[in-house]
Amino acid sequence: MPLKLEYFNLKGVAELSRLILAYADEKYEDVRIPFDSWPAKKASTPLGLLPVLVLENGEELSQSAAIARYLANKFGIAGKTDEEKLLCDMVVDTIKVDMWKLIAGLHFEKDESVKAQKIVEVTPKITEFMQRLEKFVRGHDTVLASGFSWADIALFNAVNDLFPVGNLQLDPGLTKLHAVVERVRAEPKIAAWLAKRPVTGL
């Protein structure tokens, strides 16, 4: 049986895995669980949360970063050395842990005045993270000197899918990061996924 990725009908924390699967041209089942169906399904999931990756043998595993890291290793884009893998993990964790918690809450803020104030507070913090990450871009248009990796995809996912939640823009002066983002955007299989994926908010 093919891989199955279960999540809500959102980009959210599952989109990095979807982008990796698209890049790998891997056939999988993209299961989008309606919010009203979640309470009944929750108890049957490994950790009571989504996403869930169902492996070819039927085993179900969870945690978004663990799933994305597994896929990156499976498809050969996790880094070629232990040191490259560490660099990828550092970039991805900065995005999925530190930056995500700053930005994602903006999506759920209903009070526009409160949201505007939070954006003011969040923007310099995100800018600083991106300035620091710029220094770790080792290739011409890839994080790793050895070539394309899931760190590149994670940066694209942040700028393309997460930043709009807070009306954030990537500083034009961060030319290395811009090159990485545009390299990912130009990947044919990723571009094909972006053109056909469901239109959602976060």
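Modeller: A cavity is a set of grid points where a 1.4 Å probe fits but cannot get out. This is a predicted model.

Colleague: How many cavities of 30 Å³ or more are there by this rule?

Modeller: The count comes to 1. The largest cavity holds about 140 Å³ of space.

Colleague: Which residues line the largest cavity?

Modeller: There are 13 lining residues, and the closest to the centre are Gly12, Trp100, Asn157, Ala158 and Leu162. Helix H4 (82–108) and helix H6 (150–162) are the elements that give two or more residues. The largest share, 5 residues, comes from H6. By class, the lining has 8 nonpolar, 2 polar and 3 charged residues.

Colleague: What makes a space a pocket and not a cavity?

Modeller: A pocket is an open set of points, with protein on both sides within 12 Å along at least five of seven lines. The largest pocket holds about 240 Å³ of space.

Colleague: How do you know which residues line the largest pocket?

Modeller: A lining residue has an atom within 4 Å of a point. For the largest pocket, the lining includes Arg18, Asp25, Glu26, Lys27, Tyr28, Trp193 and Lys196. H1, strand E2 (28–33) and helix H8 (188–196) each give two or more residues. H8 gives the most, with 4 residues.

Colleague: How many residues of that lining are charged?

Modeller: Asp, Glu, Lys and Arg count as charged. By that rule the lining of the largest pocket divides into 7 charged, 5 nonpolar and no polar residues.

Colleague: What is the lining of the second largest pocket by class?

Modeller: That lining has 11 nonpolar, 2 polar and no charged residues. The volume of the second largest pocket is about 200 Å³. Of its 13 lining residues, Tyr7, Val13, Leu50, Pro51 and Trp100 lie nearest the centre. Strand E1 (3–8) and H4 each supply at least two.

Colleague: Which residues of H1 and H3 meet?

Modeller: Contact means heavy atoms within 4.5 Å. Leu16, Ser17, Ile20 and Leu21 in H1 meet Ser64, Ile67, Ala68, Leu71 and Ala72 in H3. The residues of this contact divide into 7 nonpolar, 2 polar and no charged.

Note on methods. Residues numbered from 1 in each chain as written. Predicted model: local features only at pLDDT ≥ 70, side-chain atom pairs only at ≥ 80, totals over all residues. Heavy atoms only, no water. Points joined across faces, edges and corners; volume = space filled by probe spheres on them.
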